[in-house]
Amino acid sequence: METTFKIWETSRKRYSEYLDKYALEQLNKIPSGFNNNLIWNIGHIIVAQQALVYKSTELPWHISDELFDLYKSGTKPMGDTTQEEVDNLKVLLTSLIEKTRKDFYDGVFITFNERITGTGFHLGSLTDAFEFNNYHEALHLGFMMNIRKFV
C-alpha cells in the first residue's frame, strides 16, 4: 500500500507545481475548446479522492460540502477562483494525503461500499478505490498538460 501512497504523493506534487508556476489569471482561464481550467482540475481531484475513499467507507470527509459541490463530477467552473481559494486547495493537496495515510494505518476504514465509477470501473474494496484514485488523478494531470499550452 505504501507504493500507492508514494504514487499519490508524487502526483500531488505535480499538481502543486501548477499552483506555483501559473498566475491566478492563468489558473482560471478556460481555453477555447475546453470546458474547464487548471484550477478546476485541481479542485476536482481533491473532492474526488474524498468521495472515493471517505464517502465509500461511510466516514466523514475532510472537505466542506460547498467545496464538493464546486468541483464534483459533472460540474464546471462557475466563475473565477480567488487566490484565497487557490491557497486553500494547495493546503488540501498535501494535508489530505497525510490524513488519509494516518487513517489507513490506524485502521479507521472498516467498511467499503462497492460501486461502479462514472467511467465504468468496479470498485470492490478500499484498495481498489486508492488505486482508481491514482488513475483518476493521472487522467486529470494529462488534461492539465493540454490546458497549460493555451494559458
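**Notebook: a helical protein, looked up element by element**

I began with the surface: the protein exposes about 8000 Å², and carbon and sulfur atoms supply 54% of it. Accessible areas here come from the Shrake-Rupley method with a 1.4 Å probe, and for residues only the protein chains shown count as cover.

I noted that the model is predicted, so that local features need pLDDT of at least 70 and side-chain atom pairs count only at pLDDT 80 or more, while totals for chains, interfaces and linings use all residues. Residues are numbered from 1 along each chain as its sequence is written, and side-chain values use heavy atoms, with hydrogens and water left out.

**Overall fold**

I found six helices and two strands in the protein. Helices (H or I, at least four residues) and strands (E, at least two) are DSSP runs, numbered from the N terminus. From that terminus on, the order of elements is α-α-α-α-α-β-β-α. The radius of gyration is 15 Å, close to the 15 Å that the globule rule gives for 151 residues, so the protein is as compact as a globular protein of that length. This radius is taken over C-alpha atoms, and the rule is 2.2 Å times the number of residues to the power 0.38. Along its principal axes, the C-alpha trace spans about 45 × 30 × 30 Å.

I then looked up burial, where buried means under 20% relative accessible area, exposed over 50%, and partly exposed in between (1.4 Å probe, protein chains only). Of the 151 residues, 43% count as buried. A contact means heavy atoms within 4.5 Å. Of the contacts with a separation of 6 or more, 74% come from residues 24 or more positions apart.

**Helix H5**

I checked the length of H5 (residues 83–105) against expectation. At 1.5 Å a residue its 23 residues should span 33 Å, and the end C-alpha atoms are 34 Å apart, which agrees. The expected span is 1.5 Å times one less than the number of residues. H5 bends by about 30° at Leu 93; the bend is the angle between axes fitted to the seven residues ending there and the seven starting there.

Among the buried residues of H5 are Val 86, Leu 89, Leu 92, Leu 93 and Leu 96. An α-helix has 3.6 residues a turn, so residues three or four places apart point the same way. The cover over the buried residues of H5 includes helices H1, H2, H3, H4 and H6. After H5 comes Gly 107, whose phi is positive, near 75°.

**Cores**

A nonpolar core is a set of buried Ala, Val, Leu, Ile, Met, Phe, Trp, Tyr and Cys residues joined through side-chain atoms within 4.5 Å. Which members of the largest core touch the most others? I found Ile 42, Ile 46 and Ile 63, out of 25 residues. H1, H3, H4, H5 and H6 each give two or more residues to this core, and H3 gives the most, with eight. Another core, of 13 residues, lies apart from it and includes Trp 8 and Phe 109.

Not counting residues up to four places away in sequence, Ile 46 touches Arg 12, Ile 63, Leu 89, Leu 92, Leu 93 and Leu 96.

**Single residues**

I looked up Thr 4, which lies in H1 and counts as buried at 12% relative accessibility. Leaving aside neighbours within four places in sequence, Thr 4 is in contact with Phe 130, Glu 131 and Asn 134.

Ser 64, in the loop between H3 and H4, counts as partly exposed at 34% relative accessibility.
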